[in-house]
Number of protein chains: 2
Amino acid sequence: METDSPLCAVPEKPRYHHGALHDALLEAAEAELAETGLEAFSLRRVARRAGVSHAAPAHHFGDVGGLLTALAAEGFRQFIAAMTAQQARASQDPQAQIVAAGLGYIAFATERPALFRLIFSSDRPDFGAPDLAAGSTQAYEHLSRLVGARTGGEDPVDIAAVWAMAHGLADLMAAGRMHAIQHLAPADRDRAFSGIMARAIPG
Amino acid sequence: METDSPLCAVPEKPRYHHGALHDALLEAAEAELAETGLEAFSLRRVARRAGVSHAAPAHHFGDVGGLLTALAAEGFRQFIAAMTAQQARASQDPQAQIVAAGLGYIAFATERPALFRLIFSSDRPDFGAPDLAAGSTQAYEHLSRLVGARTGGEDPVDIAAVWAMAHGLADLMAAGRMHAIQHLAPADRDRAFSGIMARAIPG
DNA sequence: ACCTCATATTGACAGTGGCAAGATGAAGAC
DNA sequence: GTCTTCATCTTGCCACTGTCAATATGAGGT
C-alpha cells in the first residue's frame, strides 16, 4: 500500500509507533505545566495531550520524575537564554550586564512561573541527573562570570549577593507578591528593578 | 459513669468525638509537611497520623486547600516570630535590626523549608482567606516598619530591595542551592549573610 | 426522659502514578 | 522474499489520593 501519497498533507495519521514521542511529550508537558501549574501537573494528562496512552511516557522518561527532570533541564536552557537576551540589549559595561541579566532572570520568572518553580523550588526533578546538573551549574557559572568581570576576582559572596537579589525579585514577582512594584508601568518597573539590582554590586 | 477516674493517666482513650481534632489535625499536618514535604503532602496521611478517619478533616477545614490555608496562616505567625527572635538578639540600631530580621527570615526558611515554600511558593493555600491574608500583610508591614525606621519614609523600592535580598537568600538556602555559603561554618555564614543584607539598604 | 445537631465514620467515585503482560511494526538476518 | 528480534506503544490492573453522600455517635439543652 502506497502510504505516502503525493498529496498527503496530514502527517498526523495515527501510527502505532509515534516516531517522535520523546519531543512531543516534552512539548505537551511544557504546555501542561504552563496551563495547570506544577502542583496540578499530571502525567496522564500529558499523555492524553500528546494523543498517546497513559503508559507511553514511561518508556521514554521512566516515571513522572524523569519527565520533570528532562523538562527542568530544558527550563535551565531557556532560563539562561532569557538572561543573555536581555544582556544583548544592554551596553557592554560589566555593571550594566549584571543588571540586564537580573532583568532577564525576572522576566523568565514572570513569563514562565511554573517552569521557574520547577527548576528552583521543586523536589520532583532529579537534580543529580547529568543533563539537569549541567544546566544548573551552567547558569551559576554564567552569573559567576558576569560578577567576575565587574569585580576582578570571583568572590563567592559577591556572586551570592547578585544571585540572591535577582532571585528574590524574580521569585516574589512569580508568586505575585510584590504588589508595590507589580502595579507599576513596565518602564518604571524596569527602572525600579535596575536600581535594586545595582545595590547588590559593591561600588 | 465516672469517666475521669483519679488515676486516669491516658487521655488517649478512643472516643468517637475527638474534642480537639482541629488543633490535632493542624499539628499532624505540620509534622507531615515537615517530614514528607509539600509536594507529597497527603490529607489522608494527616488523618491517619491524627488517628482519625480519612474524611474527618473535611468537617473542620473543608478540603485539603482549607487545611493548607490554616497551616499557612500559622506558618506566617511562626515566620514573623523567627524574625523578631533574631531582632531581639541584635542592637536597636535600625540597620542592625534589618540585618537581624533578614537572618531570621533565612533561619525560618532553612529550618522549615516546607512551611516556607507553602507560604511563599505554593498555589494551594487560599491567600484570599482572612486569616492568611492578615498574616501576609502583617509580615510585609513588619519589614516595612523596619525599613522606615532606617530611611525615614517608607519608600516601596527600599522595602522591595530589603525584602528581595532576604527572600532570595532564604529561598536559595531552603532549596540547598547556595553551595558556596552552605558549607561555611555557622559564624562565617551569618557574617556573610549580614554583609549581603547590608547591601540592600542605601547608605 | 428525649431531641437536636455538630462531630466522626463508612463506602463509593473518578483520578493518579506505576507495573506487568501483551500487541504492533520497523529493521536487520538469512 | 521470509523470519526473527526488539524497541515502542497499549491494555489492564493495583494501591493510593481527594471529595462526596449516607450513616452512626454522643454531648448538651429541653
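Colleague: Leaving aside its neighbours within four places in sequence, which residues is B:Ser136 in contact with?
Modeller: B:Phe76 and B:Phe127. Two residues are in contact if their C-beta atoms, placed from the backbone, lie within 7 Å. This is a predicted model: local features need pLDDT of at least 70, side-chain atom pairs count only at pLDDT 80 or more, and totals for chains, interfaces and linings use all residues. Numbering runs from 1 along each chain as its sequence is written, while chains are lettered from A and ligands numbered from 1 in the order in which they are written.

Colleague: Which helix is B:Ser136 found in?
Modeller: Helix H7 of chain B, residues 130-151. Helices are DSSP runs of H or I with at least four residues, strands are E runs of at least two, and both are numbered from the N terminus.

Colleague: Why does B:Ser136 count as partly exposed?
Modeller: Because B:Ser136 has 18 C-beta neighbours inside 10 Å. A residue is buried with 20 or more other C-beta atoms within 10 Å of its own, exposed with 12 or fewer, and partly exposed in between; those atoms are placed from the backbone.

Colleague: New topic. Which residues of H1(B) are buried?
Modeller: B:Leu25, B:Leu26, B:Ala28, B:Ala29, B:Glu32 and B:Leu33. The buried residues of H1(B) pack against H2, H3 (56-61), H4 and H6 of chain B.

Colleague: How many residues of chain B are in contact with chain A?
Modeller: 30 residues of chain B, with 30 residues of chain A. H8(B) gives the most to that side of chain B, with 13 residues. By class, the side divides into 18 nonpolar, 6 polar and 6 charged. Nonpolar covers Ala, Val, Leu, Ile, Met, Phe, Trp, Tyr, Cys and Pro; charged covers Asp, Glu, Lys and Arg; the others, Gly among them, are polar.

Colleague: By what turn can chain B be laid on chain A?
Modeller: A turn of 180°, with a shift of 0.0 Å along the axis and an RMSD of 0.0 Å. That is the relation of a two-fold axis. In chain B, the C-alpha nearest the axis belongs to B:Gly168, 1.8 Å from it. The same surface serves both copies: 100% of the contact residues of chain B recur in chain A.

Colleague: And the domains of chain A, where are they?
Modeller: Domain 1 is 13-62 and domain 2 is 63-199. The bounds come from an automatic or database domain assignment. Taken over C-alpha atoms, their centres are 27 Å apart. 13 residues of domain 1 are in contact with 13 residues of domain 2. H1(A) gives the largest share of the domain 1 side, 6 residues.

Note on methods: Copies are superposed by least squares on the C-alpha atoms of residues with pLDDT of at least 70 in both.
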